[in-house]
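Hello,

Here is the structure I promised to pass on to you. My notes on it follow below.

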Amino acid sequence: MDNHKSYLKTLESNAIKSLETLQTLEEIENWRIEYLGRKGKLSQFFQSFKDIKNENKNELGTIANDLKISLEQYYKKKINSIQSSKLKINEIFDYSLPGKPNISGSIHPTIQMMNEICNAFSSLGFNIYEGPEIESEEYAFDKLNIPSNHPARDIWDTIWVENTQELESLLLRPHTSPMQIRIMEKYPPPIRVVVPGKCYRYEATDNTHEWHFHQIEGLVVDTNINFANMKSTLFEFARLIFGEQTKARFRCDFFPFVEPGAEMSVNIKDDEWLELMGAGMVHPKVLQNVNLDPEIYSGFAFGLGIERVAMIRFGINNIRDFYSNDFQFLRQFN
Ligand code: PHE
């Protein structure tokens with residue numbers, strides 16, 4: 001009797017141990033045949049039953065039956081676990097699927113252009129500063145020689161900020177020129193700076209106008225600065241950005257904070273010119289507003305639209321593309 005019992009025990013532990021190591025469905029099927037099959041070890045045990053004494057049959061029968069049931073359960077579990085791990089492996093390692101693209105952002109074309117322009121000016125000896133996007137009326141207009149009754153304010157018709165304290169009128173800056181004043185108030189000449197930044201205007205949009213856009217302000221103040229210095233600096237800038245062959249032209253223009261004033265255009269095709277910037281010699285009144293003596297100091301200033309430069313450089317027809325967040329458009333500048 002004890003012999004039989006220990007035989008069943010060993011059978012059980014051997015069966016379970018060997019089942020654990022099996023990997024393939026084929027191996028498990030062989031295991032099933034070996035232990036649970038028609039001619040398997042358990043069947044053989046039941047066949048040898050007739051030789052067992054009657055009084056032990058009941059107990060041994062129960063043990064053997066329980067063993068059969070439990071081995072069948074082990075077998076089913078094993079099959080399930082093999083099948084589900086196969087499923088997992090298939091899910092993770094389906095080599096036929098295309099890889100997931102690694103989407104990374106890139107620098108916006110406006111900012112790419114801004115960096116390039118800043119680098120060009122920095123190679124010409126300019127420092128780079130930034131200023132506030134919300135400006136006071138005083139800096140945006142008054143100190144730049146644009147009094148409140150001046151019709152020139154109309155071109156900078158802009159977006160005012162509701163000011164609860166009513167101490168001063170604030171606005172989203174319509175140009176970067178207020179930084180001319182802030183720089184001159186803070187630093188003594190010689191001054192050579194460019195100031196990139198965002199600007200806002202209350203403006204109907206079209207292919208070349210946006211209500212928000214970027215400018216780069218330039219300012220040079222020193223003794224003996226003249227119009228020729230301005231022209232040569234800006235020509236050199238145009239060549240750095242658009243290439244050695246670039247032609248540029250200056251024509252008279254009016255801005256209250258410069259005298260004389262000009263606009264500079266570059267030649268984009270045979271007979272096509274695109275206005276890039278306003279420029280001119282710093283107005284004596286502006287120098288006086290920051291306590292610089294116009295008899296001693298002179299300077300030039302310029303303000304150029306960054307998107308305009310980018311439009312020429314990249315061949316973009318519509319300034320609104322820069323702000324459309326259109327992936328098709330933006331990905332071209334990766
Ligand atoms: N601030 C002018 C504009 O926004 C451009 C400009 C800057 C003109 C400096 C002359 C000198 O149109």
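Domain bounds here come from an automatic or database domain assignment. That assignment gives domain 1 (2–92) and domain 2 (109–333), with their C-alpha centres 87 Å apart.

Please keep in mind that this is a predicted model, where local features need pLDDT of at least 70, side-chain atom pairs count only at pLDDT 80 or more, and totals for chains, interfaces and linings use all residues. Residues are numbered from 1 along each chain as its sequence is written, and side-chain values use heavy atoms, leaving out hydrogens and water.

Now the sheet. Helices (H or I, at least four residues) and strands (E, at least two) are DSSP runs, numbered from the N terminus, and two strands pair if DSSP finds at least two bridges between them. An open sheet of 7 strands runs in the order β1-β5-β6-β10-β9-β8-β7, with mixed pairing. Its edge strands, β1 (127–128) and β7 (248–252), each pair on one side only. β1 is parallel to β5 (residues 191–200) and joined to that strand by 2 bridges; Ile128 stands opposite Val194 in β5.

As for pockets, a pocket is an open set of points on a 1 Å grid over the protein atoms alone, where a 1.4 Å probe fits, with protein on both sides within 12 Å along at least five of seven lines; lining residues have an atom within 4 Å of a point. The largest pocket is lined by 36 residues, with Trp156, Arg201, Gln215, Phe255 and Glu275 nearest its centre. β6, β9, β10 and α10 (306–314) each supply at least two lining residues there.

Best wishes
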